[in-house]
Amino acid sequence: MVPKLVLAVLFLYPITPQTEEARIKKDSLIKDPSAGVYFMKQTVGNACGTIELLHAIGNISSEINLVEGSYLDKFFKTTANMNPEEHAAFLENDREMEVAHSVAATGGDTEARDNVNTHFICFTCVNGQLYGLDGRRSGPVAHDSSSSSSLLHDAAKVIRKMIEKNPDSLNFNVMAISKRV
């Protein structure tokens, strides 16, 4: 049912003591983000979905066509040579993104809350490697090797292990960013 070619996977999961313990253990797998992976720290509260969408687009920009001069085109061209902390600072001071985020957050049927207990992360393939991108971490987490043809399957393996840590929860969601071929 998912159109091929999957370029990125966004995963929403509940934050629990089990997931936090696993997150801390995985910190040893963090790679240097300068190795071609677009990564930013999350310093803006309650914006993990936005951060993970930016992670996805920043790492698949060679596969998609951003409209020349569009907000996202300018954003990624401006931040291309920044480090994760500079990406975060740029985003913090970006009024256009702040307004767009506020409009989107209040535009749906769900009431926005300050204390949420779920979190988004992004999975994408860069240079043959599956990376988990989480703005709460100091850098990308390297998983097994991957490719554009196996990204969904490879990300699902990691996601399945995360779901197993919370077998009684239904608070999971997976979204794929794909490109029709």
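Hi everyone, let's begin with the chain as a whole: of its 181 residues, 40% count as buried, where buried means under 20% relative accessible area, exposed means over 50%, and partly exposed is in between, using a 1.4 Å probe and protein chains only. Before going on, please note that this is a predicted model, in which local features need pLDDT of at least 70, side-chain atom pairs count only at pLDDT 80 or more, and totals for chains, interfaces and linings use all residues. Residues are numbered from 1 along each chain as its sequence is written, and side-chain values use heavy atoms, with hydrogens and water left out.

Now for the layout. The chain has six helices and five strands, and from the N terminus their order is β-α-α-α-α-α-β-β-β-α-β. Helices here are DSSP runs of H or I with at least four residues, strands are runs of E with at least two, and both are numbered from the N terminus. A contact means heavy atoms within 4.5 Å. Among contacts between residues at least 6 apart in sequence, 71% join residues at least 24 apart.

What does the UniProt record say about residues 1-21? The unreviewed entry places the feature "signal peptide" there. UniProt positions follow the numbering used here, feature names are shortened, and annotations may be inferred rather than shown by experiment. In the model, residues 1-21 are 24% helix and 43% strand, with the end C-alpha atoms 33 Å apart.

Next, the inside. In soluble globular proteins, nonpolar side chains tend to be buried together. We call a set of buried Ala, Val, Leu, Ile, Met, Phe, Trp, Tyr and Cys residues a nonpolar core when they are joined through side-chain atoms within 4.5 Å. Which members of the largest nonpolar core touch the most other members? They are V37, F120, C122, Y131 and L133, out of 13 residues in that core. Two or more residues come from each of β1 (6-14), α2 (48-60), β2 and β3. There is also a second, separate core of twelve residues, and I121, L130, V158 and M162 are among them.

Take a look at C122 on your screen. Leaving aside residues up to four places away in sequence, C122 touches A8, V9, L10, E52, H55, A56, Y131, G132 and L133.

Let's move to empty space. Rolling a probe the size of a water molecule over the atoms shows where empty space is left. The second largest pocket holds about 450 Å³ of space. Its 22 lining residues include K26, F123, H143, V158 and M162, the closest to the pocket's centre. Elements giving two or more residues to this lining are α1 (17-26), β2 (118-126), β3 (129-133), β4 (141-145) and α6 (151-164). Which element gives the most? That is α6, with five residues. By type, the lining of the second largest pocket has nine nonpolar, four polar and nine charged residues. Here Ala, Val, Leu, Ile, Met, Phe, Trp, Tyr, Cys and Pro count as nonpolar, Asp, Glu, Lys and Arg as charged, and the others, Gly among them, as polar. As for the word pocket, on a 1 Å grid over the protein atoms alone it is an open set of points where a 1.4 Å probe fits, with protein on both sides within 12 Å along at least five of seven lines, and lining residues have an atom within 4 Å of a point. Grid points are joined across faces, edges and corners, and the volume is the space filled by probe spheres set on the points.

Finally, some loops. N117 sits in the loop between α5 (95-107) and β2, and is partly exposed, at 43% relative accessibility. N117 and I15 are 102 residues apart in sequence, yet 5.2 Å apart in space, C-alpha to C-alpha. Not counting residues up to four places away in sequence, N117 touches Y13, P14 and I15.

Most residues other than glycine have a negative phi. N46, in the loop between α1 and α2, has a positive phi near 55 degrees. N127, in the loop between β2 and β3, also has a positive phi near 55 degrees. Is N127 buried or exposed? N127 is exposed, with a relative accessible area of 69%.
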